[in-house]
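Hi everyone, thanks for coming.

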Amino acid sequence: MKRSIVNFSEKQEAHQFPEGIRYRIPLKCGLQLSVIQTDFSYGGNRGLYEIAVVDPHTETLVDINDKVGCFENDVVKGFLTEDEVRRHIKIINESLGGISD
């Protein structure tokens, strides 16, 4: 599937590789928002996105359900459209202090 890089944030880093695209958006709290669309991500083979919050030092998923309710008691949220990803970014920004400067 041909994928194009989407601008979710001015601060994002986008990495395109044969299986898809990975975006990382730095958060002021020191964590990163990971947005991926790959052949193996939840919904990626249908052109949809998967998001999660990660610790950039350990590459581990971070459970933020106590601060942000949009993950529905999971650490990964998949099958999201571009607009849904943008809405989740806004919710996470408001809950975790915004995107890093």
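Strands here are DSSP runs of at least two residues, labelled E and numbered from the N terminus, and two of them pair if DSSP finds at least two bridges between them.

Quick housekeeping: this is a predicted model, where local features need pLDDT of at least 70, side-chain atom pairs count only at pLDDT 80 or more, and totals for chains, interfaces and linings use all residues. Residues are numbered from 1 along each chain as its sequence is written, and side-chain values use heavy atoms, with hydrogens and water left out.

Back to E1 and E2: a hairpin joins them through two residues, and phenylalanine 17 stands opposite glycine 20 in E2. On its other pairing, E2 meets strand E3, residues 32–38, antiparallel again, over seven bridges. There, isoleucine 21 stands opposite glutamine 37 in E3. That hairpin has five residues between the strands, and glycine 30 takes a positive phi near 100°.

How covered is E2? Mostly: five of its seven residues, 20–26, are buried, meaning under 20% relative accessible area with a 1.4 Å probe, protein chains only.

Now threonine 38, in strand E3. Buried or exposed? Buried, at 7% relative accessible area. Its side chain reaches the backbone nitrogen of phenylalanine 40 at 3.0 Å. Threonine 38 also touches, among others, Phe17, Gly20 and Ile21, not counting residues up to four places away in sequence; touching means heavy atoms within 4.5 Å.

Note on methods. Buried < 20%, exposed > 50% of the residue type's maximum accessible area, 1.4 Å probe, protein only. Helix = DSSP H or I, 4+ residues; strand = E, 2+ residues; numbered from the N terminus. Polar contact = N/O pair within 3.5 Å; in protein donor to acceptor, adjacent residues only side chain to side chain.
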